[in-house]
Structures are given as structure tokens and as C-alpha cells.
Amino acid sequence: MELLVVAVFFIGYFFITLEHQVKIDKTISALGMASVCWAILKLSNLVVFEIDNGLHPIYEGFVTNLGLSPDEARAEAIDQILLHHLGKIAEILFFLIGAMTIVEIIDMHRGFEVIKKIVKTRRKQKLLWIVGIISFFLSALIDNLTATIVLITIIRKLVPFVKERMWYASLIVIAANAGGAWSPIGDVTTTMLWMADKVTALKLSEYVLLPSILCFVIPFWIASFLPVFQGRLEIPKTDKTRMFKSSIPVLILGFTAIIFVPIFKSITHLPPYIGMLFALASMWFFSEFLKPIKELEVESVPEFTSHKALSRIELSSILFFLGILLAVASLESIGVLFNFAEKLNQIVPSQNLVIMLLGVGSSVIDNVPLVAASIGMFQEPIDSLLWHFIAYAAGTGGSLLIIGSAAGIAAMGMEKISFFWYLKNISWLAFIGFIAGALCLIAIEAGHIFG
């Protein structure tokens with residue numbers, strides 16, 4: 001039955017990658033794949049493992065403590081595990097909904113027009129570097145998912161044509177994932193390692209910053225010579241969008257609310273989505289008092305409510321994300337991901353190569369369970385090479401495929417980037433950066449050991 005679950009997962013994954021060829025929306029494939037995988041778990045006699053990052057047959061606990069029959073206990077255990085995973089996924093989804101709503105509120109007040117006016121350059125190559133650098137450092141400050149959403153929204157104001165914007169959005173994903181890898185709050189996997197006392201914030205930044213810079217800079221440097229980034233951007237003659245008097249206050253308020261999220265987490269020690277919901281509540285409250293006011297009489301002001309901002313969120317992207325993560329959770333629950341990591345560790349002689357393969361694997365399967373498996377597998381002390389390498393590989397390896405990271409999935413939904421377009425045009429750039437950063441990290445750690 002384990003093979004049947006895996007087969008359903010890869011069939012669903014196949015249809016997601018061939019979305020445009022088979023004319024079936026990827027959200028349908030993701031939700032169907034997740035539902036069938038969990039139905040197989042519920043209806044079969046599989047022994048379900050793994051809850052809270054442990055390898056425990058929890059149905060035995062139900063037999064011992066509640067006096068249930070083995071079949072009843074197994075069914076109850078599956079329900080509990082599904083709720084457990086749904087809770088973890090809901091944290092990400094509510095975080096995503098909060099961030100996207102704040103961005104939409106800023107956009108409705110035309111706050112991003114401020115940045116559009118500040119960024120004077122129309123040279124494609126220069127704009128690429130500007131958005132890349134902002135994305136790299138912003139993702140370390142807030143997180144790679146939110147940074148991607150913000151930067152793609154800004155790019156929509158600066159790059160009017162969809163085919164060009166897909167390139168910018170895809171490279172933003174590379175920069176955001178690289179920027180999140182060296183910060184304890186930049187990516188969910190680095191946060192996991194930090195909270196599990198596997199890395200310290202200072203050492204993580206010290207060792208992983210330079211490799212992350214290489215992972216970002218090298219693909220951008222190569223991309224800057226590609227034909228798509230040569231010349232100047234064409235601005236449609238119909239683009240006469242003007243700012244409101246509320247544009248600057250709402251932009252400042254929105255960025256302050258987003259930046260406050262990691263501060264809220266460090267103060268309260270609550271999950272990041274609670275901070276994002278608080279930021280949304282604050283943003284929503286103040287935005288009600290900052291109605292758009294036209295600067296020129298000739299321009300009409302659209303009716304504004306925060307409810308309208310909520311209606312503009314890409315709900316299909318949220319549901320796609322839900323389906324993907326639920327399907328991956330089914331593999332995690334039967335121990336497939338943990339067994340995969342352990343097999344790699346047994347077969348591959350080099351530990352560094354194992355971590356690199358896990359990083360590549362994180363582009364296919366969610367990096368969170370792979371990092372969770374690594375935390376359970378290895379016993380190295382805090383701030384060892386292994387944990388820094390896992391932080392780097394899991395954070396940046398997701399850039400190899402468009403559906404390999406939360407940032408990539410967000411970009412895929414916002415800009416309708418197809419799996420094969422990204423694979424053909426972007427994956428090779430991400431791979432070169434990934435390898436360069438990995439070799440740099442190994443060299444840095446070796447220098448510290450033997451220097």
C-alpha cells in the first residue's frame with residue numbers, strides 16, 4: 001500500500017507539471033492527489049508512523065490507553081495525524097493569506113506607485129539587480145515567502161509585459177530563497193534548526209552568508225547577459241496611474257507591519273502566522289481611516305474596503321499550496337521521507353554529498369519534512385558543518401524547481417509560471433548558484449577547521 005500512495009503522489013505530480021499540456025488546472029491535480037493519498041491511508045491496513053517529527057507507531061498508544069481495537073486505534077491515529085499536519089499547513093496558509101492581504105491593501109492604495117517612481121531606471125539589466133538585492137536582504141529580514149510576494153507585486157508595476165515579468169519573478173525566487181538561508185527567520189527550515197538548538201543565529205549568518213550571496217549573485221550575473229535582460233523596458237502609453245495622498249502612509253504602515261512579524265515572534269515566542277495575523281489586523285484597522293484621496297480632480301477614486309483586498313487574493317494558489325502540502329504529509333506519515341533520508345545516508349559515503357542530495361530532493365518534495373528527518377537522523381553538536389549545510393541546502397535547493405519552495409509556489413500562482421518553462425529557462429541558473437554556494441560553504445568550514 002505504501003507503493004500505491006507513492007504512485008498516486010507521482011501521478012498527481014506529473015499532472016501538475018503538465019498542467020498546460022493536459023489542460024487541467026494544477027489546483028485540481030493537487031487537491032485530488034492529496035485526497036486520494038489520505039483516503040488510501042484511511043482505508044488500508046497501513047501502520048502509520050511519524051507525528052511531531054518522531055518515528056512512533058502511535059496507534060499502539062490508542063490501544064494501550066483507550067482500550068480500542070487495533071483497527072479502531074489505527075483509524076483514530078490517522079485522524080489525529082491528519083489534524084496534526086493540517087494544523088502545520090494551516091500555519092503556512094494563514095501566514096500567506098495575511099501577507100497577501102497586506103500587499104493587496106497597499107496595492108489598492110497605490111502604495112507601490114511610490115516605489116515605481118523611486119526606481120527611475122528603465123534598463124532591464126539594472127532593474128534585475130535592484131529587485132534581486134532588495135529581495136535577498138528583505139527575505140532575511142521578514143522571510144522568503146513574504147519577500148517574494150512583495151517584490152513580484154512591485155515588479156508588476158514596473159514590468160508591464162507578462163513574458164518579461166516571468167523572468168524577473170523567477171529570479172526573485174532564487175534571490176529570496178538564497179536570502180532566507182542565512183537568517184534564522186528567513187526560511188521555515190532555518191527557523192526549525194534554530195528552534196531545535198542545532199544552529200545559533202550568529203554562526204548561521206557567519207558561515208552561510210557568503211555561500212548564500214554566491215547562490216544569488218552567480219545566477220543573476222549570468223542572467224544579466226541573457227537577451228531578455230538587454231535594452232530598456234517599454235512603458236505602455238496608457239499607463240498614467242497616479243498616487244493617492246494615502247499611498248505613502250499606507251506603504252510605510254504596510255512594510256512596518258510586515259517587518260514587525262519576526263519581532264512579534266521573538267517577543268512572544270508564538271508561531272509567525274500569529275504575528276502576521278496581528279500585522280493584518282493592525283493594517284486593516286488603520287487603513288480604514290486612510291481612505292484614498294485623489295491628488296487631481298480629473299481622476300476618479302475607486303471605492304475602497306479591506307474586504308475588497310481580500311477578494312483579490314489568489315484563492316486557487318492557496319488551495320494549490322494546501323493540496324501539495326497535504327499530499328507530501330501523507331508520504332511523511334508512512335515514513336517514506338524518513339526512510340529516503342536514511343537510505344541516502346547509508347548508501348552515499350560522503351555526508352556532504354548526502355546533504356546536497358537532500359537539497360536537490362527538497363526541490364521535488366517539501367523541505368520541511370526532509371529537514372525534520374535530518375534533525376532526527378544526525379546527532380552532531382550545535383553549529384557543526386552538517387547543520388549549516390542542511391540550512392543552506394534545504395533553503396536554496398528549492399529554487400531548482402518552481403514548486404520546490406513556498407516562494408516558488410507563490411510566484412507560480414501570481415504570475416502563472418509553468419513548470420516546464422521554469423525548468424527550461426531558470427533551473428540551470430539555480431543549479432549553478434546552488435553548487436557554487438555549497439562548495440563555498442565546504443571551503444569556509446574546512447578553513448575554520450584546519451586554519
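This is a predicted model: local features need pLDDT of at least 70, side-chain atom pairs count only at pLDDT 80 or more; totals for chains, interfaces and linings use all residues.
A crossing of two helices is called right-handed if the near helix is turned clockwise from the far one, and left-handed if the near helix is turned anticlockwise, in each case by less than a right angle.

Let me begin with helix α7, residues 124–141, and helix α11, residues 201–223, which pack at an angle of about 160° with their axes 11 Å apart. Because angles over 145 degrees count as roughly antiparallel, α7 is roughly antiparallel to α11. The crossing of these two helices, α7 and α11, is right-handed. On the α7 side the contact is made by Leu 128, Trp 129, Gly 132, Ile 133 and Phe 136, while α11 brings in a list that includes Leu 209, Ser 212, Phe 216, Phe 220 and Trp 221. If we sort the residues of this contact between α7 and α11, we find 11 nonpolar, 2 polar and no charged.

Now let us turn to the other pair, helix α1, residues 2–17, and helix α15, residues 315–333, whose axes lie 10 Å apart and which pack at an angle of about 155°. That angle makes α1 roughly antiparallel to α15. Which hand does the crossing of α1 and α15 have, left or right? The crossing of α1 and α15 is left-handed. Here Val 5, Val 6, Phe 9 and Ile 16 of α1 meet residues of α15, among them Phe 320, Ile 324, Ser 330 and Leu 331. The contact of α1 with α15 divides into 9 nonpolar residues, 1 polar and no charged.

Key
Residues are numbered from 1 along each chain as its sequence is written. Side-chain values use heavy atoms; hydrogens and water are left out. Axes are lines fitted to C-alpha atoms, for helices over the stretch in contact, and angles run from 0 to 180 degrees between N-to-C directions. Helices (H or I, at least four residues) and strands (E, at least two) are DSSP runs, numbered from the N terminus. Angles under 35 degrees count as roughly parallel, over 145 as roughly antiparallel, 65 to 115 as roughly perpendicular and the rest as oblique. Contact means heavy atoms within 4.5 Å. Ala, Val, Leu, Ile, Met, Phe, Trp, Tyr, Cys and Pro count as nonpolar, Asp, Glu, Lys and Arg as charged, and the others, Gly among them, as polar.
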